[in-house]
Amino acid sequence: MSNVAFDLEVLTKVAAAIAPPGTPASLPFAALGSLGPDLYEYVPISEKLSGLLVKAVEKAITTETPASVMAGTLPAVDLSAVKADASLAAELFEKPMMAIYSVLFNQIVLPFWPIFQRDASLLNQLQTIANNQDGNALKSIASQLDQLTSDGTTLEMLAPTLLAVMSLALQLVAIPTAIEVTGTGATPWVPLFDRLSEFLRWHRTDTFAQNLDQSAKTDNEKAYAYGYLSHVASAVTGKPFINNVAGGPYRTHWWRNRLVSNWVDAWTFGRYETPGASMAGDTPTPPYTSWANICSSNLQDKFNVAGLTEPAGQLPPAIKAIATGDLGSLPGQFPADVAAFIQAAIDATWPTASRPPGFTTEAIGQAAVGLFGVVWFMTSGFGPMTPLVLGSAPSGCPANVTPPWVTSHGSPPSPQQGGPSTGATVCGVILAILAVLLFIFGAFTGGSTWGAGISAVIGAVKAFTSGGGIDWDTLQCDIFWLRKLLLEAETGLLKALVDGGLAYPLPVRLGNSGINGVTPAVDLSGAPLTKSNSAALATVGVANLYPHQLDKTNLGAADLNFQKFPTSPAETPTTVSFPHPAAYADSVVDGSGLQNGGILHGGAFPSINMFFGDALANAKQLIPAHAKGLPRYNLDADRGYGWQTWNPAVNTFPGNGTVVNPTPDV
C-alpha cells in the first residue's frame with residue numbers, strides 16, 4: 001500500500017542532495033513520480049458501481065431501528081446486484097480500496113463534513129461573542145443560528161449511516177489479492193489478474209524504471225523519472241520496515257498494511273516536519289503533542305500536476321467525483337504529454353497481452369483525481385479531520401457544573417455488538433464511537449442531547465433579541481458544552497477512521513506516556529505501530545516469523561483482524577523481514593547510510609538477505625546510475641527483505657501457505 005508521506009519525505013531529502021531536473025515548476029512531477037506505482041491504487045470506481053454500492057448501503061440503513069443501532073448491530077449490506085454483473089464484480093475486485101472511499105465520501109463526507117466545518121465555526125464565533133458579553137454582535141449573528149437546528153436533524157442519521165458504511169467496508173476489506181485466491185478456477189501464477197499497482201510493483205520493475213529514465217525528454221518527464229527512482233529506493237529499503245510492523249506483506253495482509261502505513265506516515269511526517277525533532281530511545285523531543293500534524297498538512301498540493309481545485313471552506317470537486325463515480329472533465333486536466341510518457345514506458349516494458357487490462361492514459365488522469373481526493377480527505381484538516389480547539393471553560397462555567405440539558409439525557413450508552421461477528425476488533429472500534437454519537441446526536445429519536453443544547457442557546461438568544469434580558473454566564477456555559485460535545489464527536493469520528501485504516505492519526509496518538517516514560521503507539525494486540533517489532537513480540541505472544549499467512553480466522557475472509565498483529569501461521573519457507581535492530585522509520589529514511597553495497601548490489605535471486613541501508617543513501621546511488629544495474633526487486637519486499645520479483649510455480653497456490661520453488665519473474 002502507498003506511503004505518501006514517507007515517500008515525499010524521502011524525496012525532500014534526495015532533492016537536497018541531488019538537484020531535481022528542470023525548474024521549480026517541475027517539482028510536483030517529481031513528487032508524483034516519488035509515489036511510484038501506487039498512483040494506480042487510486043483509480044476511482046465507475047459511476048455504475050458507485051450507484052449500486054450507494055443503493056445497497058442506503059437500503060441497509062432503512063433496515064435499522066433505534067434498538068439495532070443502540071445494540072451496535074451491523075446491518076447487512078446486500079451486494080448481490082454487483083456480483084450478478086460480471087464486469088462490476090471484476091471492477092470491485094480490482095478497486096476495493098477506492099470502492100470504500102467512494103461510499104465513505106458519498107454517505108459520510110458529503111452530507112456531514114460541511115456540517116462539522118460550519119457548526120464549529122459558528123459556535124466558535126458565538127463563544128467569543130458570549131464571553132465578551134457583546135449584545136450587538138449577538139443580535140447580528142442571531143439569524144444564522146437556525147442553521148444549527150437544521151444541522152442537528154441531519155446529524156441524527158450519522159450513527160446509523162456509519163454502521164452501514166462500516167458494514168460494507170468490512171466486506172471489501174475481506175477481498176484478497178488474486179495471487180492469494182485458492183479453489184476452483186484460481187490461477188495465481190497468471191499475473192493478468194493482478195491489480196494495476198500490484199502488477200507494476202511485482203513484475204519487471206528494473207526495466208520499467210530504466211525505460212522511464214531513458215525515455216524522459218522534457219523537464220517534467222525527467223522530474224517524474226527522477227521521483228520514480230527515488231520511490232524505488234524508498235520502496236526497497238522502506239517496505240520491509242512496514243512489513244515487519246504489519247507481520248506480513250501487502251499480498252497477505254493488504255488492509256493491515258494500509259493501517260500500518262498510515263501510522264508510519266504520520267510518524268515520519270512529524271519527525272521530519274517538526275523543527276529540531278529527535279528521538280532518544282522511545283522518547284521524542286519535542287513531545288509528540290508538539291509534532292507537526294499530518295492531518296492538516298495538505299500533502300495533495302505537493303503533487304497536484306493536474307491543477308485540481310480546492311475552494312476554501314468547501315469540499316473540492318474531486319471528492320464529489322469519487323463519491324459518485326462521475327469524474328467529468330477532471331481526468332482531462334492531467335498533462336497529456338506526461339500521461340503519454342508514462343504509458344509509453346509501460347508499453348515498452350510489457351506487451352499488451354502480458355499485462356492486466358486497464359493501463360491507459362485515461363486511467364492515469366483518473367488515478368490522479370482519486371489520489372488527490374483521498375489525500376485531500378486525509379491531510380486537509382477539513383471538518384472533523386482536525387478537531388476544534390476547545391480552550392478553557394468560561395469563568396461562569398465551573399468544571400463541576402453540567403448544564404441540565406446534558407444531564408437530562410443521562411450518560412453515554414454502552415452498546416454491545418449484535419449480529420454476526422464481522423471483524424470483531426473493528427466492531428469494537430465502531431461501538432466505542434457509536435456510544436458517543438448516540439449520546440450526542442441521537443438516532444431516529446428526535447430528542448438528542450445536541451438538539452436540547454441548541455434549543456437552549458437559540459431560546460436564550462431569541463429572548464434577548466426580542467427585548468428580554470440574558471444570563472451571560474449560562475449562555476457561555478451552554479455554548480462551551482456544545483463545543484465540548486462537538487469536539488468529542490469529531491475526536492471519536494477521527495479515531496474510528498484512523499483505527500479503520502482510512503485516515504492518519506493525530507500526533508498525540510503516536511506514543512503513550514506513563515510512569516516508565518514514552519512507549520510507541522500499539523495496535524489492539526499490543527504490537528507497536530510505528531516501530532519495528534523484533535524486540536516487542538514477546539509481549540504480544542506471537543512468533544516472530546515472516547511472512548504470516550493471510551489471516552482467514554474471521555469468517556474465512558481476508559484480513560478482518562487487521563487491528564491485531566497476525567496470529568496466522570507463517571508462510572513457508574519463512575524468510576527475513578527486516579534485518580535490523582528494532583527502530584523507528586527514520587532509520588530507513590536517512591539514519592543508516594549505505595550498507596552492504598546498497599540496492600545496486602542485490603545479488604542473485606531471490607535475495608542476499610543483507611541490510612541495504614536507508615532510502616536516501618540508496619537513492620543517491622541509484623539516480624546518478626540511471627537505474628543501470630538495478631536488480632529486479634519486488635517493490636513490496638513481498639517474500640522478505642531484498643526479495644526480487646517472483647511468480648508462483650504453475651499449479652501452486654501461495655494462499656494455502658506454501659510457496660513452492662518460486663520462479664524469477666521474467
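1. A residue counts as buried when its relative accessible area is under 20%. Cys477, at 7% relative accessibility, therefore counts as buried. The structure under review is a predicted model, and the points below should be read on that basis.

2. The disulfide. A search of the whole structure finds one disulfide, and it joins Cys397 to Cys477 with an S to S distance of 2.1 Å. Cys397 lies in the loop between α17 and α18 (404-407), whereas Cys477 belongs to helix α21 (residues 472-499), so the pair ties together parts that are 80 residues apart in sequence. The link of Cys397 and Cys477 is right-handed, with 50° about the S-S bond. In general, a disulfide is a covalent bond between the sulfur atoms of two cysteines.

3. A further cysteine. Cys295 has a relative accessibility of 0% and so counts as buried.

4. Cis peptide bonds. Most peptide bonds are trans. In this model a cis peptide bond joins Tyr546 and Pro547, where omega is about -10°. Pro547 sits in the loop between α22 (537-540) and α23 (586-589). The bond from Thr572 to Pro573 is also cis, with omega near -5°, and Pro573 is found in the loop between α22 and α23.

5. Positive phi at Asn609. Most residues other than glycine have a negative phi. Asn609, which is not a glycine, has a positive phi near 55°. This residue is placed in the loop between α23 and α24 (615-622). Asn609 counts as partly exposed because its relative accessibility is 38%.

6. Positive phi at Ala637. Phi of Ala637 is positive, at about 45°, although the residue is not a glycine. Ala637 is located in the loop between α24 and β5 (646-647). Is Ala637 buried or exposed? With 3% relative accessibility, Ala637 counts as buried.

7. Helix α1 (residues 4-17) has 14 residues, and the distance from its first C-alpha to its last is 20 Å, close to the 20 Å expected at 1.5 Å a residue. The buried residues in α1 are Val4, Ala5, Phe6, Asp7, Leu8, Glu9, Val10, Leu11 and Val14. These buried residues of α1 pack against α2 (27-33), α13 (219-246), α14 (254-273), α17, α23 and α24.

8. The largest pocket. What is the volume of the largest pocket? The value computed for the largest pocket is about 610 Å³. Its lining consists of 31 residues, and those nearest the centre of the pocket are Phe93, Glu94, Phe193, Asp194 and Arg195. Helices α6 (86-94), α7 (96-131), α11 (196-202) and α17 (361-379) each contribute at least two residues to the lining of the largest pocket. By residue class, the lining of the largest pocket comprises 19 nonpolar, six polar and six charged residues.

9. Cavities. The count comes to seven cavities of 30 Å³ or more, and the largest cavity has a volume of about 70 Å³. Of the 13 residues that line the largest cavity, Ile179, Trp202, His203, Trp646 and Asn647 are the closest to its centre. The lining of the largest cavity divides into seven nonpolar, three polar and three charged residues.

10. The surroundings of Asp206. Asp206 is part of helix α12 (residues 205-215). Its relative accessibility is 11%, so Asp206 counts as buried. Leaving aside residues up to four places away in sequence, Asp206 touches Leu630, Pro631 and Arg632. Asp206 and Leu308 are 102 residues apart along the chain, and their C-alpha atoms are separated by 32 Å.

Definitions and conventions: Residues numbered from 1 in each chain as written. Predicted model: local features only at pLDDT ≥ 70, side-chain atom pairs only at ≥ 80, totals over all residues. Heavy atoms only, no water. Helix = DSSP H or I, 4+ residues; strand = E, 2+ residues; numbered from the N terminus. Buried < 20%, exposed > 50% of the residue type's maximum accessible area, 1.4 Å probe, protein only. 1 Å grid on protein atoms, 1.4 Å probe; cavity = no way out; pocket = protein on both sides within 12 Å on 5 of 7 lines; lining within 4 Å. Points joined across faces, edges and corners; volume = space filled by probe spheres on them. Nonpolar A, V, L, I, M, F, W, Y, C, P; charged D, E, K, R; others polar. Disulfide = S-S within 2.5 Å. Expected span 1.5 Å × (residues − 1). Contact = heavy atoms within 4.5 Å.
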